[in-house]
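Subject: Structure for your review

Dear colleague,

I am handing over the structure below, and my notes on it follow. Please read them alongside the coordinates.

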Amino acid sequence: MSIEPITIVRGLAAPLMRANIDTDAIIPSREMTTVGKAGLGRRLFANWRFKDGPVESRAERSEFVLNRVPYRNARILLAGENFGCGSSREGAAWALYDFGFRVVIAPSFGAIFRANCIRNGLLPVVLDVAIVEDIARQMDAGNGECTIDVDLQKCLVTDASGIGHPFTLPPMQREMLIEGLDSIELAMRRVGDIDAFHDALAERRPWLFGVREDGA
Amino acid sequence: MPRTLIDKLWDEHLVADLGDGINLLHIDRVFLHERSGAVALRTLKTSGIAVRRPQLAFATIDHIVDTDPGRGDATKFKGGDKFIRAMRDGAREAAITFFDINDPRQGITHVIAAEQGIAQPGATIVCGDSHTCTLGGLGALAWGVGSSGIEQALATQTVEECRPRTMRIRCDGRLAEGVFAKDLVLSLIGKYGASGGAGYAIEFFGSAISALPVEARMTLCNMAIEFAAFTGIIAPDVMTIEYLRGRPHAPTGELWDRAVAHWKTLRSDDAAVFDRDVQIDVSTLSPQVTWGTSPQHVVGVEGVVPDPRSATEPPQARAMEGALQYMDLRPGDRLNSIPIDAAFIGSCTNARLSDLREAARVLQGRKVAAGIKALCVPGSTSVKQAAEAEGLDRIFKDAGFEWRESGCSLCFYVGGDSFGGARRVISTTNRNFEGRQGPGVRTHLASPATVAASATLGRIASARELSR
Ligand code: SF4
């Protein structure tokens, strides 16, 4: 899965303003049927998006926000606190990305999910709950006409009424998202340092790394 | 400067400061399972990247393997065998120590990492699984990462993380009869919310913690993730050292002595300052049970379902309303009058030998109520064998429980095994999320004793009702 760099994302924001939306809800385990990363967008929020039935032909639940016309192609998601809590499944980030999301705005995130977002081209923006609720209300009132701006260079969300809300993101993570960098490659550049560190640690804590006396 | 245990372990593993609080950390142990580990190994292989130190990586099969007697690679979940084979082949190719399905060392990752002595005090451990924090119960700094985090750990022996703030949860007093580590952690999450630990690594500490057996400490740390914490940890003590002595991967001989001398130093300095301090008197706690779809939706077994109007913020109120609807409950409903359809004893939270013993104590001489589907799934094959050696399997079977092979089983629903038509389940697991245990399945989380008591009465009940 190649990752698109992010700079500015402009558009509608789909409001899913519930607290504690977990990664089981984002992508139920039974929806992850292959030993791979692709194609999970069709299965995003499956329990909420679809009625029960065979995967290929199941009907949509028309009331769910991502099934409503203005939001079907949304690239920004609004959610309540602790979004992405629970299971570490990276499929949650893959599914959101594959569906088309590039930004999630919430008062807080599950930590593992947040790390998975950064590694997969999805920008997690933390804003105060009152601001996120406000933007959600603008969306509800705007009938699919109003848009917001998320500017990653400036770390600024501009809401539908033109008010700017700054957010923070460590510069290194910002760079990873802006340039679509891969953290494994970044770490591999330091492999010499890491090996030297390992050897020094093994010297001090030989029981963790050394060969056991019984050879096991 | 005085430091916390968390900071000491963090600093000891700090390879590089990448700026803005992001640190590159050395990882001492990597654990894989067939769900996230298989993907990670396959991706590395496709990218032509080698596993750097296979002797520090371990793998098993726990998540989607069937738990019926006589199981093999074929799973009730269609296509599950692909994950199992990918894990096995990947582990073999990468020369990673692998505990296969019918290996006596097989079991739920976090249960066997402790049981085999792979997790040790002061070590950093990652696994592609959020409940890796369980191993904090042994004094390890252990946390879950996604599968690309696992790829990085395998390829470089590092991952990068933001340095967490530190929280000390001081627990004093004595747990009352019939109240367990599970009740303690559920009530903590109930009081401070499912995001109450966000951004923190937590050290549990105090006389009530020192009194907890090591297995119960793992139950407590297991649910740190349900509190949104980076991880939980308990400083190692004599009980930890005795727990590890003689375990297959624990050090031996002179190295054991050196390890023990070091482990005894692993504690927060007396003057260390934590970013947040929380205090709990555990003597006032009662058996807990969840009513909703977040672990923070919890009350005492004798309590009632709360009103969403009591929520402070609209998203919390909406979550409560959604939970009431999903759980088919109303504000004011008494928990201990809710009938159940099934009971589940299992998972990395509560399926170690001591958990099975507590449940068996309740079940001894009793029967599961008519029409209730009841399952016991030991946390590891060696837990199962130890339980059988002391006759616990007979107690479970005589009471009407199914006695399964070890694995994650119905802790989560993957599309194969299910509770049949049962809708309402009382469970010793850690997540009561919508659909977690099956489409439409309503989960109530509780301790093994509470689950066993509820199974015999056919409704939610604490074991206290039986002893009255
Ligand atoms: S038992 Fe449940 S929570 Fe634990 S590792 Fe398995 S699926 Fe995850």
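Helices, of at least four residues, and strands, of at least two, are DSSP runs numbered from the N terminus. With that numbering, Asn82(A) lies in the loop of chain A between strand E3 (76–79) and helix H3 (91–99). Asn82(A) has a phi near 60°, which is a positive value in a residue other than glycine, and its relative accessible area of 1% places it among the buried residues.

Although Ser347(B) is not a glycine, its phi is positive, at about 90°, and Ser347(B) counts as buried because its relative accessibility is 1%, the cut-off being under 20%.

Please bear in mind that the model is predicted. Chain A averages a pLDDT of 92, with 96% of the residues scoring at least 70, but over residues 212–216 of chain A the pLDDT stays under 50, and there the model has 10 contacts beyond four places in sequence. Where pLDDT is low, the predicted coordinates should not be read in detail.

As for chain A as a whole, its secondary structure comes to nine helices and eight strands, and its C-alpha atoms fill a box of roughly 70 × 45 × 30 Å along the principal axes. Of the 216 residues in chain A, 60% are buried, while the accessible surface of the chain comes to about 8800 Å², 50% of which belongs to carbon and sulfur atoms.

Best regards

How values were computed
Residues are numbered from 1 along each chain as its sequence is written. Chains are lettered from A and ligands numbered from 1 in the order in which they are written. This is a predicted model: local features need pLDDT of at least 70, side-chain atom pairs count only at pLDDT 80 or more; totals for chains, interfaces and linings use all residues. Side-chain values use heavy atoms; hydrogens and water are left out. pLDDT is the predictor's confidence in each residue, from 0 to 100. Contact means heavy atoms within 4.5 Å. Buried means under 20% relative accessible area, exposed over 50%, partly exposed in between (1.4 Å probe, protein chains only). Accessible areas come from the Shrake-Rupley method with a 1.4 Å probe; for residues, only the protein chains shown count as cover.
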